[in-house]
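Please keep the sequence and the model open while reading.

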Amino acid sequence: MSSLLVLLAPEIVLFITTCIVMIVGLWPKLEVRSLAMPIAGMGLLIAGVLAINTPANPESILPNIIPYAKAMTAGVGLLLVLLLAGTVDRSYEAAVERGELRFNPIHTNRAEFFAFFLFSLTGLMLCASATDLIWLFLALELVSLPTYVMATISTRKLRSQEAGVKYFFLGALGAAIFLYGFALLYGGTGTTNLIGIRDALAEQAASGGINPIAMAGIILSLIGISFKIAAVPMHFYTADVYQGAAAPVSAMLAFVPKTAGFIAMMGILAAVGWQYAPGGETLAADGVGTLPRSIYVTLAAIAVLTMTVGNVLALLQRSIKRLLAYSSIAHTGYMLVALIAGPSIAAEAGITSNGLGAVLFYLLVYGVTNIGTFAVVACLERPQPDGEADELDDLEDLRGLCRTRPVLGWVMVICALGLLGLPPLLGFWAKFLLFTSAISAGEIALVVILGLNSAIAAFYYLKLVTLPLLEEPEGDAPATTPFASRTFAGVLSAALVLLAIIPTGIVDAAMEAADRAGTIVPANIEAIERSITAEALRDEPTPIIDR
Amino acid sequence: MLHPLTTLASQPNVALDQYLPLAVIIVGAVGFAVANIVLTKIIGPSRRGANKGMSYESGMNPVGTARKRFNVRFYLIAMVFLVFDVEIIFLYPWATTFPNLDPANPDAGIWLFRIFFFLFTTIVAYVYGFRKGVFNFD
């Protein structure tokens with residue numbers, strides 16, 4: 001029991017930080033109230049340091065994922081905290097400072113905003129430690145429920161309320177679908193423990209095929225979770241919600257629920273295993289194969305549709321946030337290809353053939369790079385008479401940005417090229433791993449579609465590059481936000497994207513960590529088969545040995 | 001020929017036995033509802049009048065606009081109440097099992113710590129409500 005407390009130490013630290021932030025953010029004194037953000041950052045830092053030193057959990061279906069996933073959560077969370085500064089209560093705090101209003105905690109959102117942010121990250125960390133379907137469900141909901149509120153309170157405009165309502169109702173639908181899937185999975189295997197499910201499914205597959213109820217449960221769970229990762233049948237909310245929420249919150253929505261969804265999908269797929277014979281739902285003779293056929297077909301269809309729909313619709317957008325929302329859908333599709341490819345069975349095969357490691361590394365790279373592009377949107381603004389500010393969200397607003405606002409312009413150029421996956425940048429290495437892991441698993445058709453889609457994506461990412469870099473500015477330089485930490489977050493993520501060019505060893509270390517995190521223990525098929533054959537032999541009369 | 005049937009009948013039906021408590025609950029629930037209706041018909045005084053005939057005799061007036069406003073503080077108080085409600089739900093099973101724990105058990109301290117941690121979260125929720133001004137009626 002005490003070992004569980006050690007494993008959950010980052011979550012506990014983050015939760016206690018949440019409690020402190022919740023109270024401090026309501027303090028009548030402005031100096032104390034403003035500490036909410038630094039305290040949240042400190043909590044994330046401590047949680048990250050604790051996470052790196054967490055031991056592997058043999059009771060988890062993904063035994064090595066905890067240090068990597070939690071450290072990634074804390075690291076990207078630190079960037080997000082910098083970006084979230086000044087999102088809520090801006091005009092209210094200004095009025096209080098001018099002495100027009102007396103501070104009344106019931107009219108502020110600061111405490112809730114940062115507390116909900118930390119709650120969501122706590123949920124993400126709990127997802128990584130999940131050993132049980134019920135735990136996984138609660139963790140996924142802890143990720144999502146705060147984000148609905150954050151999207152709603154992020155601006156004082158009607159579009160945010162619309163975004164929040166859409167997000168909440170579609171999110172509830174998604175949650176209902178995967179909860180139903182979890183229930184069927186429990187019905188089909190008789191346990192909610194993920195390792196128990198893994199052994200039950202392997203046993204079923206060895207003795208003639210997976211129970212159809214369990215199979216239906218797995219497919220429903222995957223489709224329900226595809227809401228969280230914004231994959232195609234459940235992607236309709238993405239553009240509206242990302243556009244309606246303030247840019248810092250959109251940056252968070254593109255990382256936190258997506259990562260939680262992918263970790264949950266990995267857990268469920270690891271319970272099924274990648275050792276099935278192609279074209280069937282029985283185990284492959286040599287123990288090296290793919291996912292069961294019905295799951296494979298479902299996921300491959302989702303991956304292809306997600307990539308294509310995301311990229312094609314992104315071509316049509318005029319709004320930067322909508323464009324980035326569709327690009328986030330497309331990136332989900334890319335990652336699904338590596339998820340289908342699965343981990344390498346051969347020992348010491350390395351990151352280039354480990355699909356789960358590739359997904360985990362891609363999530364980190366995508367999270368960092370995406371924060372840079374959203375930071376530029378969060379930094380440019382059009383002042384409003386009421387003290388709130390309108391974000392500049394049109395592609396035309398980027399025209400000539402490298403000359404008018406060089407720092408923001410270059411952050412946009414570097415991060416857009418990073419999302420595109422231009423060779424020396426960080427995004428290239430992430431995409432490279434997706435390709436190699438899918439090729440080594442023999443998914444050539446999916447790799448070809450992935451390549452074609454990357455080519456389509458170049459068109460709209462290059463718009464984000466050429467508009468600031470090559471075009472002449474029109475009119476005056478756009479106003480920038482007074483919150484310097486937002487610019488700092490953008491510069492930091494651009495610097496991380498450039499980090500891959502200099503051989504510092506940090507990127508290699510991250511890749512190795514991702515590889516280790518994505519290594520799973522497959523079900524002990526031989527032992528299960530042996531026990532089944534032994535049972536079959538026991539029923540038969542002892543054969544007479546002929547000498 | 002009848003042998004399998006007779007042996008089946010002579011064996012206690014284990015599967016159905018397990019459902020006996022469920023049957024008791026169902027009978028109890030239906031019986032309670034029916035008994036309430038029947039008993040009010042028999043022993044309840046039957047008075048009639050304008051106020052008596054209303055849907056909520058002592059509650060809100062069901063006639064008039066449906067867009068009547070409630071003070072939002074009702075909901076805030078209800079939520080603070082929920083905090084304690086949930087607390088009791090979790091404390092009760094803990095309180096009934098904790099005394100059975102062997103005092104020499106090394107996990108005893110962790111058991112105690114966990115429930116204190118849980119109580120701490122409840123207190124934080126209460127302090128949050130207090131600072132947010134839920135209890136200020138002005």
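Ala71(A) counts as buried because 24 C-beta neighbours lie inside 10 Å. A residue is called buried if 20 or more other C-beta atoms lie within 10 Å of its own, exposed if 12 or fewer, and partly exposed in between, with C-beta atoms placed from the backbone. The residue lies in helix α5 of chain A. Helices (H or I, at least four residues) and strands (E, at least two) are DSSP runs, numbered from the N terminus. Not counting residues up to four places away in sequence, Ala71(A) touches Gly48(A), Ala51(A) and Ile52(A). Contact here requires C-beta atoms, placed from the backbone, to lie within 7 Å. Between Ala71(A) and Ala51(A) there are 5.5 Å, C-alpha to C-alpha, although the two are 20 residues apart in sequence.

The model is predicted: local features need pLDDT of at least 70 and side-chain atom pairs count only at pLDDT 80 or more, while totals for chains, interfaces and linings use all residues. Residues are numbered from 1 along each chain as its sequence is written, and chains are lettered from A and ligands numbered from 1 in the order in which they are written.

**Chain A as a whole**

Chain A has 23 helices and 3 strands. Its C-alpha trace spans about 100 × 50 × 40 Å along the principal axes. A compact globule of 547 residues would have a radius of gyration near 24 Å, and chain A agrees with 24 Å. That radius is taken over C-alpha atoms, and the globule rule is 2.2 Å times the number of residues to the power 0.38. Of the 547 residues in chain A, 56% are buried. Among the contacts in chain A with a separation of 6 or more, 76% join residues 24 or more positions apart.

**The core**

In soluble globular proteins, nonpolar side chains tend to be buried together. A nonpolar core is a set of buried Ala, Val, Leu, Ile, Met, Phe, Trp, Tyr and Cys residues joined through C-beta atoms within 7 Å. The largest one has 198 residues, and the members that touch the most others are Cys127(A), Val337(A), Phe361(A) and Leu434(A). Helix α13 (residues 247–272) of chain A gives the most to this core, 19 residues. Leaving aside neighbours within four places in sequence, the contacts of Val337(A) are Ala303(A), Leu434(A), Ala438(A), Glu443(A), Leu446(A) and Leu450(A).

Met265(A) has its place in helix α13 of chain A. This residue is buried, with 23 other C-beta atoms within 10 Å. Beyond neighbours within four places in sequence, Met265(A) is in contact with Leu222(A), Ile225(A) and Leu339(A). Leu222(A) and Ile225(A) are among the buried residues of α11(A). What covers the buried residues of that helix includes α9 (158–189), α10 (194–206), α13 and α14 (293–315) of chain A.

**The side facing chain B**

The buried residues of α2(A) pack against α3 (30–33), α4 (36–52), α5 (65–84) and α7 (110–129) of chain A, together with α5 (108–132) of chain B. How many residues does the contact take from each chain? It takes 10 residues from chain A and 9 residues from chain B. On the chain A side, α1 (2–7) and α2 (9–24) each supply at least two residues. The largest share of that side, 3 residues, comes from α2(A).

**The sheet**

Two strands pair if DSSP finds at least two bridges between them. An open sheet of 3 strands in chain A has the order β2-β1-β3, with antiparallel pairing. β2 (389–391) and β3 (479–480) of chain A stand at the edges with a single partner strand each, so one side of each has no neighbour in the sheet. Strand β1 (residues 380–383) of chain A pairs with β2(A) over 3 bridges.

Key
Two residues are in contact if their C-beta atoms, placed from the backbone, lie within 7 Å.
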